Amino acid sequence: MRVLVVEDERLLADAIAEWLREETHAVDLAHDGEAALERIAVNDYDVVVLDRDLPRVHGDEVCRELVESERDARVLMLTAAAQLDDRVTGLSMGADDYLTKPFAFPELAARVLALGRRSRPAAPPVLRRAGITLDPARREVFRNGRFVPLSKKEFAVLAELMRADGNVVSAEQLLEKAWDENADPFTGAVRLTVLKLRRKLADPPVVETVPGVGYRIA
């Protein structure tokens with residue numbers, strides 16, 4: 001999934017991003033509300049992890065503008081404001097979930113994953129197609145009962161292809177969901193990752209290239 005972390009405490013922001021990347025998400029960072037709005041305007045995020053007390057543009061305003069834009073991104077407010085009234089206010093302005101500091105990283109990751117499922121059409125927790133079983137929560141993949149060890153990017157690409165349920169996914173879509181904003185679209189990263197994925201999934205071939213269009217699980 002593509003996640004935006006908006007947090008002005010840079011060490012905390014980096015720690016959250018590192019943890020979520022370990023969970024195979026593509027993560028972008030913003031350290032103030034203005035930068036967050038700029039990234040939201042040009043990128044399609046599944047989840048925005050949003051601190052409330054931000055410089056330049058307050059987190060509440062970022063949340064309001066995101067909701068009014070009618071984008072599909074889900075908002076997880078992350079803040080030290082732990083009173084009941086604070087939580088009610090955050091949820092009433094459009095946040096989908098609310099987590100107070102201090103927090104446990106595993107809980108944050110679980111909430112992000114749950115919100116990400118809600119930002120897409122309903123899909124089963126465990127994805128199955130063409131003899132492949134992919135469990136996003138456990139980050140495990142099996143092909144015909146055989147465990148397939150994948151890198152983070154390989155897992156992320158396969159997850160997007162599995163969610164497409166046989167439909168074609170373009171290289172641009174894969175780049176958008178599996179890489180962050182620093183990815184160079186001209187490096188051939190998607191093509192190389194798909195090649196490695198095919199090799200690890202072994203025969204019979206299951207990842208099909210649709211020339212000029214993209215990839216799909218046959």
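User: Before that, what kind of model is it?
Analyst: It is a predicted model.

User: OK, sheets. What order do the strands of the five-stranded sheet have?
Analyst: The order is E2-E1-E3-E4-E5. The sheet is open and its pairing is parallel.

User: Which strands stand at the edges?
Analyst: Strand E2 (26–30) and strand E5 (97–100). Each has a single partner strand, so one side of each is left without a neighbour in the sheet.

User: And how many degrees are neighbouring strands turned against each other?
Analyst: On average 20 degrees, direction ignored.

User: How many bridges join E1 to E2?
Analyst: Five, with E1 covering residues 2–6 and the two strands running parallel. Leu4, for one, stands opposite Asp28 in E2.

User: What does H1 touch on that sheet?
Analyst: Helix H1 (residues 10–22) touches E1, E2 and strand E4 (74–79). Its direction makes about 170 degrees with that of E2.

User: Take Ile16, then. Buried or exposed?
Analyst: Buried, with a relative accessible area of 0%. Ile16 is found in helix H1.

User: Which residues does Ile16 touch?
Analyst: Leaving out residues up to four places away in sequence, Ile16 touches Val5, Leu78, Phe103, Phe105 and Leu108. Ile16 and Leu108 are 92 residues apart in sequence, yet 8.6 Å apart in space, C-alpha to C-alpha.

User: Switching to aromatics. How many aromatic pairs does a search of the whole structure find?
Analyst: Three. Trp19 and Phe105 form a stacked one, at 5.3 Å centre to centre with 25 degrees between the planes.

User: Where do Trp19 and Phe105 lie?
Analyst: Trp19 lies in helix H1 and Phe105 in helix H5 (residues 105–118). So the pair ties together parts that are 86 residues apart in sequence.

User: What relative accessibility do those two have?
Analyst: Trp19 is at 34% and counts as partly exposed. Phe105 is at 24% and also counts as partly exposed.

User: Which residues do ring pairs link into a cluster?
Analyst: Trp19, Phe103 and Phe105.

User: What about Phe142 and Phe147, how are those rings placed?
Analyst: Their centres are 5.6 Å apart and their planes are at 65 degrees, so the pair is edge-to-face. Phe142 has 29% relative accessibility and counts as partly exposed. Phe147 is partly exposed too, at 45%.

User: What is the bridge partner of Phe142 in E9?
Analyst: Phe147. Two bridges join strand E8 (residues 140–143) to E9, and these strands run antiparallel.

User: So what order does the four-stranded sheet have?
Analyst: E6-E7-E8-E9, an open sheet with antiparallel pairing. Strand E6 (127–129) and strand E9 (146–147) are the edge strands, and each pairs on one side only.

User: Which strands does H6 lie across?
Analyst: H6 lies across E6, E7 and E8. It runs at about 110 degrees to E7.

User: On to the core. Which residues of the largest nonpolar core touch the most other members?
Analyst: Leu134, Val157, Leu158, Leu161, Leu201 and Val207, out of 26 residues.

User: Which elements supply at least two residues of this core?
Analyst: Strand E7 (132–135), helix H6 (152–163), helix H7 (171–178), helix H8 (189–201) and strand E11 (214–217). The largest share, seven residues, comes from H6.

User: What does Leu134 touch?
Analyst: Not counting residues up to four places away in sequence, Leu134 touches Pro125, Val126, Leu127, Glu140, Val141, Phe155, Leu158, Ala159 and Met162.

User: Last topic, H3. Which of its residues are buried?
Analyst: In helix H3 (residues 59–68), the buried residues are Gly59, Asp60, Val62, Cys63 and Leu66. They cover an arc of only 160 degrees around the axis, which puts them on the same side of H3.

User: What do the buried residues of H3 pack against?
Analyst: Helix H2 (33–42), strand E3 (47–51) and E4.

User: And Glu70, what is its phi?
Analyst: Positive, near 60 degrees. Glu70 follows H3.

Definitions and conventions:
Residues are numbered from 1 along each chain as its sequence is written. This is a predicted model: local features need pLDDT of at least 70, side-chain atom pairs count only at pLDDT 80 or more; totals for chains, interfaces and linings use all residues. Side-chain values use heavy atoms; hydrogens and water are left out. Two strands pair if DSSP finds at least two bridges between them. Axes are lines fitted to C-alpha atoms, for helices over the stretch in contact, and angles run from 0 to 180 degrees between N-to-C directions. Contact means heavy atoms within 4.5 Å. A nonpolar core is a set of buried Ala, Val, Leu, Ile, Met, Phe, Trp, Tyr and Cys residues joined through side-chain atoms within 4.5 Å. Buried means under 20% relative accessible area, exposed over 50%, partly exposed in between (1.4 Å probe, protein chains only). Rings of Phe, Tyr and Trp (its six-membered ring) pair if their centres lie within 6.5 Å; planes under 30 degrees apart count as stacked, over 60 as edge-to-face and the rest as tilted. The arc is that of the directions from the helix axis to the C-beta atoms.
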